[in-house]
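Subject: Handing over the structure

Hi,

Here is the structure I promised to pass on to you.

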Amino acid sequence: MTTIGQAIQTSSSIAAAIDAIVAEIEEKTTPITEVRGPREELTEAYAHLVTAAGESRGWPLLYPMLGSGAGRGALVELADGSVKWDLVAGIGVHFFGHSHPQILRAQLRGALEDTTKHGNLQSGTVPYEFARKLVELAGRRSKLSRAFLTTSGAMANELALKVCMQKRSPATRVIAFEHCFMGRSLTMTSIGDSAAARDGIPVTVAVDYMPFWNAHAAEQLGGKAAFIEASLRQLETYVKRYPDGHACFVMELIQGEGGFNIPDRDWLVALMEACKEHGIPVWDDEIQAFGRTTEMFAFEYFGVGELVDVFTVGKMTQACAVLWTDAMKPRPGLLSGTFTGGTSDFTVGLEILQTLEAGRFYGPEGAFAQHQQAFRRHAEALMARHPSWFPAVPGTPERIGGVGGMMRLTPFGGQKDKVIAAAKAIYDEGAITFWCGHGPYHLRMLPPLPAMELDQWPAIFEVLERGLSRVAA
Ligand SMILES: Cc1ncc(COP(=O)(O)O)c(C=O)c1O
């Protein structure tokens, strides 16, 4: 005996209708094969749409970009008919690119349910299937054992902070890294290391900042051991200054907005172990890094899963979540909220987790490592062709960086105005990138790797080169 809900989900006529929709979209998007400019007859109407979009919120869009609702792989069509390489994918959200058949199918399955949203009071089964999968995958190499679902990265972080604060009550201070980013809520902008993000608003949490790993600074101090020693000394100073005062140490294992900074494992382990000694929970924020390194979890990439107490994830998972170990279990009543998310967030999120698990994406020979190598090869060739575009950057010797699906390039000495101008010129030439770092600034790419082929990199670099040449000139 099945329920009517199951009968809908397994209906062969609905499955045939979904197949027909996906086939129709695949056929319609077949002509999207390369970058192209806008269609002349649409440019005026498009300009109005872009202006109206900016006016609706009171300031202009950063890029004049409004999607048409179609794309193919890493190529996206805009509402003026132009086509661009989407190398930033919604700041890491659309990791499977545009109009991906599997994602479309999962999305359509999500549309079959009786309501669009699931909540903490009333829910269907799919949010918990998603949560169970997340815990199963995370638990392979960590002690994370439970997940609570929510609607944004910032909200997942709010919940993580509450879990830590309740566990460590009455401790209220937070230890965080310089240049960290945590989201846009009042509390998260208090912790995030960006003055502009809290312009005119109060700081609501006391934060003690630690420097992030910096290979160049380590060299100047006399080596890795000296840098680790200095970091541990600073941590010790905070712990002595505020005994039992810290609710957690929040760590982006790879900094996203802060500049795609990748730490040394020994340094990371030393800090995490020092936290353990002092009973300070380690909270790993992988909202940007999850899924993109050469392992599914950044804590797996660094082999530090056993040292993580609390974990947050979002962006490419579509639905966001906070996970914790048994020892961090919050008391009932601490976490709730109306929505856990929309049905298709969970059907698509689950599809993404299952596909990442089953595919040949991870490991030193996996697809993501190969894409990173292809990116680096082309970036090196570009630098060799135009050494003057890539002058030395004080304190940041490498001008090509990243791991897996996190890629960065540092032209023009990492000067803010020039890097932003370069991103905008590249946009005009047909590729969407973004920037990161607080000086030096870098061009940032979070490309939709599972939807890309290695042989697409030459065409992408042609666009990057054209954009950079406009700024260099
Ligand atoms: C590391 C990190 N944490 C938290 C967030 C906030 O996520 P959201 O924008 O979904 O609130 C982001 C977003 O860029 C992030 O990169």
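**What surrounds the ligand**

Around the ligand there are 15 residues, and the nearest of them are Gly-153, Ala-154, Gly-183, Ile-287 and Gln-288; a residue is taken as near a molecule or strand if its C-beta atom, placed from the backbone, lies within 6 Å of it. Before going on, please note that this is a predicted model, in which local features need pLDDT of at least 70 and side-chain atom pairs count only at pLDDT 80 or more, while totals for chains, interfaces and linings use all residues. Residues are numbered from 1 along each chain as its sequence is written.

Helix 7 (residues 153-168) gives the largest share of the shell around the ligand, three residues. Helices (H or I, at least four residues) and strands (E, at least two) are DSSP runs, numbered from the N terminus. Sorted by class, the shell holds five nonpolar, seven polar and three charged residues. Here Ala, Val, Leu, Ile, Met, Phe, Trp, Tyr, Cys and Pro count as nonpolar, Asp, Glu, Lys and Arg as charged, and the others, Gly among them, as polar.

**Helix 7 and the core**

Helix 7 turns up again in the core. The largest nonpolar core has 123 residues, and Val-310, Ala-321 and Val-322 touch the most other members. The largest share of this core, nine residues, is from helix 7. Both domain 1 (117-358) and domain 2 (361-473) supply at least three residues each to this core. A nonpolar core means a set of buried Ala, Val, Leu, Ile, Met, Phe, Trp, Tyr and Cys residues joined through C-beta atoms within 7 Å. A residue is buried if 20 or more other C-beta atoms lie within 10 Å of its own, exposed if 12 or fewer, and partly exposed in between, with C-beta atoms placed from the backbone.

As for helix 7 itself, 13 of its 16 residues are buried, so the helix is mostly covered. From first C-alpha to last, helix 7 reaches 22 Å, close to the 22 Å expected at 1.5 Å a residue; the expected span is 1.5 Å times one less than the number of residues.

Val-322 is in contact with Phe-148, Ala-156, Leu-159, Ala-160, Val-163, Val-310 and Thr-312, leaving aside neighbours within four places in sequence. Contact means that the C-beta atoms of two residues, placed from the backbone, lie within 7 Å.

**The two domains**

The chain is divided into domain 1 (117-358) and domain 2 (361-473), with bounds that come from an automatic or database domain assignment. Their C-alpha centres lie 27 Å apart. Where they meet, 16 residues of domain 1 are in contact with 22 residues of domain 2. On the domain 1 side, the touching residues comprise six nonpolar, seven polar and three charged.

**Backbone details worth a look**

Most residues other than glycine have a negative phi, and most peptide bonds are trans. With that in mind, here are some places to check.

- Ser-169 and Pro-170 are joined by a cis peptide bond with omega about 10 degrees, and Pro-170 sits in the loop between helix 7 and strand 6 (173-177).
- The bond from Gly-439 to Pro-440 is also cis, with omega near 0 degrees; Pro-440 is in the loop between strand 16 and strand 17 (442-445).
- Asp-244 has a positive phi, near 55 degrees, in the loop between helix 10 (224-241) and strand 8 (246-251). Asp-244 is exposed because 12 other C-beta atoms lie within 10 Å.
- Phe-412 has a positive phi of about 55 degrees and lies in the loop between strand 14 (406-409) and helix 15 (416-429). Phe-412 counts as buried because it has 22 C-beta neighbours inside 10 Å.

**Two threonines**

Thr-433 is in the loop between strand 15 (431-432) and strand 16 (434-436). Is Thr-433 buried or exposed? Thr-433 counts as buried, because it has 28 C-beta neighbours inside 10 Å. Not counting residues up to four places away in sequence, Thr-433 touches Leu-87, Val-88, Ala-423, Ile-426, Leu-443, Arg-444 and Met-445.

Thr-29 is placed in helix 2 (residues 12-29) and is partly exposed, with 18 other C-beta atoms within 10 Å. Apart from neighbours within four places in sequence, Thr-29 is in contact with Ala-70, Gly-71, Arg-72 and Ser-99.

Best wishes
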